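Here is a guided walk through one model. Please keep the sequence and the 3D view open as you read.

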Amino acid sequence: MLHDLDTAQFDVETAFLYGDLDEEIYMEMPAGYEKYLKENGKGDFDPKIWCVALHKSIYGLVQAARQWWKKFKEALEKQGFKPSAADPCLFIRKGPDGLIFILIYVDDGAIFGNKRIIDQVLADLGTQFSIKILGTVIDYVGCHLVVNKKHDTMYAVQPKLIRELKKKFGPQVKTRREAGLPAAPKFVAMRPVEGEPTIDEAEQSAYRTGVGMLLYLVKHSRPDISNAVRELTKVLGTATMGHYKAMLRTIKYVLETEDWGLRIKPNRQNGLFTLKGLCDSDHCGDRDTRISVYGYILTFCNAPIAWKSKSGTAVTLSSTESEYVAISELAKVILFVKQVLESIGIEVQVPIIVGVDNVGAIYLANNYTTSQRTKHIDIRHHFVRQYIEDGIIKIVFVRGEDNDADIFTKNTSSQIFVRHRNKHMGPIVGNGD
């Protein structure tokens, strides 16, 4: 949207059959192959004695996906594309015709650039692979994009997955009262104690299925349910009826807001490309282990591109320490995104602003000091100081009520949740609306 590039998506049919093998691999004679050989005068082969040598990769081999990627990479490199150093599934070509880049997800591809060059690249690839051209990028890897050119806005939604949720769990949530929120305020999933009854195996399987589908929604288009789903994942094998009902509540909320999508409306400030992150933590948020919960959201030109709600790996001894760890978690994502953007020729304005609502964590990040209360902090979290000193990252204070990452660390009240959610999500508005 910022560059107004043309787009196209494509699918490589039977992709794994194109890979060249690096090893000698043999397999049993395929069923029916002995008859084929006899009918064509190729000899009489006993399948109990003879086997066949593979010249190409086939489906089912553990190396099939990698060999396919190597084959496709070789084909793109012959056309002048180079894989990004940050992400090997992103291929870039810069030339007199401008920038063109390709995303490849197994056998699904998306290409961006000048339409004439796109057509040429796809035609060249079509001489080596069986390619199905699917038009402009509208549905990619389960995500549907709704573009409103009038308002220069795009929405990311996952209607197919929501339909599957409705088909599987619709009857169970139909009679439940309106959810309003993905989880009750202050809801925390407690692991069952010994002797506490859990649901039966069939319901456990349904629980895992529901949580798995919700996780895929979180990944691509529904940051608003991140924390609720993270809580549900804590009991994937030992869910109680209370946990099952909490999952149904989250599904009910998703179905109530099925016409909502992730709002992507990038805008450049003074012509510059900007990254901005907000992070937060809930100190000792896991009541079973007392491990803190971390959350962040990262925007590119004010459009959300990355978010996370996750439990830590160790107990932190203060809210300052847990907020400091949250900063390092966000910083890792910022550096990766910066590298990806730079690989396609986009220079990001620095310093990149990171907002946090803890003064102690800001002081700890900006000062090379140790004390009795901070000297135990793992050195891996101190790497952020180097990038602050180099001018790449700048930590600033934001008030708690302005920190959008708040809903990624705890299940908040309706007022707080709606205020933060509505900054990045909303009802889908098409061109005709």
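This is a predicted model: local features need pLDDT of at least 70, side-chain atom pairs count only at pLDDT 80 or more; totals for chains, interfaces and linings use all residues.

Helices (H or I, at least four residues) and strands (E, at least two) are DSSP runs, numbered from the N terminus. Residues are numbered from 1 along each chain as its sequence is written, and side-chain values use heavy atoms, with hydrogens and water left out.

Stay with C301. Its phi is near 50°, a positive value in a residue other than glycine. Is C301 buried or exposed? Buried means under 20% relative accessible area, exposed means over 50%, and partly exposed lies in between (1.4 Å probe, protein chains only). C301 has a relative accessible area of 0%, so C301 is buried.

C284 also has a positive phi, near 60°, and is not a glycine. C284 is found in the loop between β13 (275-282) and β14 (293-300). The backbone has another feature at P351. The peptide bond from V350 to P351 is cis, with omega near 0°. P351 has its place in the loop between α8 and β16 (352-356).

Now turn to helix α8. S319 is found in this helix, which covers residues 319-343. S319 has a relative accessible area of 36%, so S319 is partly exposed. Which residues does S319 touch? Contact means heavy atoms within 4.5 Å. Not counting residues up to four places away in sequence, S319 touches S281, H283 and N358. P197 is 122 residues from S319 along the chain, and their C-alpha atoms are separated by 35 Å.

E321 is found in helix α8 too. E321 is buried, because its relative accessible area is 7%. Leaving out residues up to four places away in sequence, E321 touches V315, T316, H376 and I377.

Helix α8 also meets helix α9 (residues 359-366): their axes come within 8 Å and cross at roughly 60°. Axes are lines fitted to C-alpha atoms, for helices over the stretch in contact, and angles run from 0 to 180 degrees between N-to-C directions. Angles under 35 degrees count as roughly parallel, over 145 as roughly antiparallel, 65 to 115 as roughly perpendicular and the rest as oblique. α8 and α9 are therefore oblique to each other. On the α8 side, T320, E323, Y324 and I327 make the contact; on the α9 side, G360, A361, L364 and A365 do.

The rings come next. Rings of Phe, Tyr and Trp (its six-membered ring) pair if their centres lie within 6.5 Å; planes under 30 degrees apart count as stacked, over 60 as edge-to-face and the rest as tilted. By this rule there are 12 aromatic pairs. One of them joins F72 and F129, which are tilted: 5.9 Å centre to centre, with 45° between the planes. This pair links distant parts of the chain, 57 residues apart: F72 is in helix α2 (residues 64-78), and F129 is in the loop between α3 (115-126) and β8 (131-133). Both F72 and F129 are buried.

F101 and F112 form a stacked pair, 5.1 Å centre to centre with 20° between the planes. F101 lies in strand β6 (residues 98-105) and F112 in strand β7 (residues 108-113), so this pair ties together parts that are 11 residues apart in sequence. Both F101 and F112 are buried. Ring pairs also link F10, Y18, W68, F72, F91 and F129 into a cluster.
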